[in-house]
Amino acid sequence: MDSRRQLKIASLIKEELTQILSREGKSIYGKAFVTVTNVTVTSDLTLTRFYLSIFGSENPDEVIDKFREHKAEIKRHLGEKLRHHLRRIPEIEFFRDETLDNAYRIEEVFKKINNEREAFLKEQAEKELLAQAPKPKAKKAAASKKAK
């Protein structure tokens with residue numbers, strides 16, 4: 001469980017990184033849509049982990065690599081903003097947050113299951129209707145009896 005101090009620092013760092021990305025993000029990661037979903041800080045405040053959600057990119061791992069390439073620049077910007085709040089700016093790491101991707105995949109599986117279930121129920125209802133419908137009597141059999 002994170003301490004109150006860790007949560008406060010994480011929230012502050014997340015807010016500052018979000019502002020940095022809104023101003024200078026395009027130069028870092030291009031046209032992708034990137035949001036900071038979570039920030040965690042270690043108990044000794046020496047390491048910060050950023051979890052990023054990435055949309056609009058064919059290869060999200062490349063975007064994370066670009067963040068890692070610009071790590072020093074991002075840390076410098078954070079240092080400028082947080083110098084009055086922290087004695088030492090923590091090291092930073094970037095990770096891809098796949099929570100939303102997983103949620104979309106799960107939602108698609110549920111849609112598929114629901115569609116298959118509806119098709120099955122519809123098929124069963126049609127079979128029941130056919131079973132309940134009166135069967136036409138054989139007219140040829142009755143006609144052959146009269147002929148005799």
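Is H77 buried or exposed? I'll start there, and please keep in mind that this is a predicted model. H77 sits in helix α3, which covers residues 71–82. Its relative accessibility is 11%, so H77 counts as buried; the cut-off for buried is under 20%. Leaving out residues up to four places away in sequence, H77 touches I20 and E24.

That brings us to helix α1, residues 4–29. I20 is one of the buried residues of α1; others include Q6, I9, L17, G25 and Y29. The cover over these buried residues includes β1, β2, α2 and α3.

Now the shape of α1. The helix has 26 residues, and at 1.5 Å a residue a straight helix would reach 38 Å. Here the end C-alpha atoms are only 32 Å apart. Just after α1 comes G30, with a positive phi of about 85°.

L45 is in the loop that runs between β1, residues 33–41, and β2, residues 47–55.

Last, the surface. Which residues make the nonpolar patch of about 400 Å²? They are I106, V109, F110 and I113. I106 belongs to helix α4, residues 99–132. With a relative accessibility of 46%, I106 counts as partly exposed, because that class lies between the 20% limit for buried and the 50% limit for exposed.

That's what I have on this one.

Technical notes. Residues numbered from 1 in each chain as written. Predicted model: local features only at pLDDT ≥ 70, side-chain atom pairs only at ≥ 80, totals over all residues. Heavy atoms only, no water. Patch = residues over 30% accessible without salt bridge, like charges linked within 9 Å, V, L, I, M, F, W, Y side chains within 5 Å. Areas by Shrake-Rupley, 256 points an atom, 1.4 Å probe, with all protein chains shown as cover. Salt bridge = Lys/Arg side-chain N within 4 Å of Asp/Glu carboxyl O. Helix = DSSP H or I, 4+ residues; strand = E, 2+ residues; numbered from the N terminus. Buried < 20%, exposed > 50% of the residue type's maximum accessible area, 1.4 Å probe, protein only. Contact = heavy atoms within 4.5 Å. Expected span 1.5 Å × (residues − 1).
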